[in-house]
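Here is a short briefing on one protein chain. Look over the sequence and the model, then read the points below.

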Amino acid sequence: MKQHKIRLCYGLISSDSITGWALLNLGMLLLVLFTVMPVQAGISYNFETGPLPASCIPSSPNAYTCGAAVTLGVGDTIAIAQDTEVTITIVGAFTTGANSSINLNSNSVLTLKTVGAVTMAVNSNINANLIATAAVTLVTGSQLQGDIDTTAGIVTIGNNTRVDGHIITTAGGV
């Protein structure tokens with residue numbers, strides 16, 4: 001059986017110097033390398049030192065306003081300065097990506113106020129009080145250490161979800 005050779009010519013593959021087996025081996029090596037590379041962690045937002053999520057700015061000492069909806073990506077985190085009371089007001093919906101965490105390992109009191117719905121994705125963990133003007137949804141495996149207070153809309157809690165706090169809704173159900 002004749003073995004074909006392949007060569008690189010001006011960035012294109014041609015047939016004289018590299019065998020098909022060598023290309024197959026190179027392809028397998030690249031596949032293994034990309035398969036075992038660690039998944040990139042999410043973005044770490046810090047409301048003391050920055051960076052802040054898009055549209056979020058300080059509005060007064062220990063208070064921030066986000067002028068549009070905020071959506072966190074997979075694995076994103078938000079940190080708050082230790083030993084403080086901080087309020088973040090979001091003019092729009094607030095959604096976390098899977099495995100997001102907010103204000104964990106902190107003794108700070110964080111209040112998240114949204115003019116819109118709140119959705120916590122799978123395995124998200126928030127240490128804050130949530131005040132919303134629309135529905136609040138905690139998806140499977142989420143954890144909230146704080147109260148939920150919604151003026152309109154229902155509160156939905158998924159399987160294996162934990163809320164360590166009170167749930168109050170004035171015009172909706174749980």
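Five strands form an open sheet in the order β6-β9-β12-β15-β18, with parallel pairing. Its edge strands are β6 (70–71) and β18 (155–157), and each of them pairs on one side only. The model is predicted: local features need pLDDT of at least 70, side-chain atom pairs count only at pLDDT 80 or more, and totals for chains, interfaces and linings use all residues. Residues are numbered from 1 along each chain as its sequence is written, and side-chain values use heavy atoms, leaving out hydrogens and water.

**The chain as a whole**

- The chain's secondary structure comes to one helix and 20 strands. Helices (H or I, at least four residues) and strands (E, at least two) are DSSP runs, numbered from the N terminus.
- The chain has 174 residues, and 31% of them count as buried. Buried means under 20% relative accessible area, exposed over 50%, and partly exposed in between (1.4 Å probe, protein chains only).
- Among contacts in the chain with a separation of 6 or more, 29% come from residues 24 or more positions apart. A contact means heavy atoms within 4.5 Å.

**Strand pairing**

- Strands of a sheet pair through backbone hydrogen bonds, either parallel or antiparallel.
- Two strands pair here if DSSP finds at least two bridges between them.
- β6 pairs with β9 (residues 94–95) in the parallel sense, over two bridges. T71 has T95 in β9 as its bridge partner.
- β8 (residues 85–90) and β11 (residues 109–114) are also parallel, with six bridges. I88 has L112 in β11 as its bridge partner.
- β11 runs parallel to β14 (residues 129–132), joined by four bridges. There, L112 stands opposite L130 in β14.

**The cavity**

- The structure holds one cavity of 30 Å³ or more. A cavity is a set of points, on a 1 Å grid over the protein atoms alone, where a 1.4 Å probe fits but cannot get out.
- The largest cavity has a volume of about 40 Å³. A volume is the space filled by probe spheres set on the points, which are joined across faces, edges and corners.
- Its lining is F47, P53, C56, C66, V70, I78, I88, I90, F94 and L112. Lining residues have an atom within 4 Å of a point.
- By class, the lining of the largest cavity has 10 nonpolar, no polar and no charged residues. Ala, Val, Leu, Ile, Met, Phe, Trp, Tyr, Cys and Pro count as nonpolar, Asp, Glu, Lys and Arg as charged, and the others, Gly among them, as polar.

Conventions: On a 1 Å grid over the protein atoms alone, a cavity is a set of points where a 1.4 Å probe fits but cannot get out, and a pocket is an open set with protein on both sides within 12 Å along at least five of seven lines; lining residues have an atom within 4 Å of a point.
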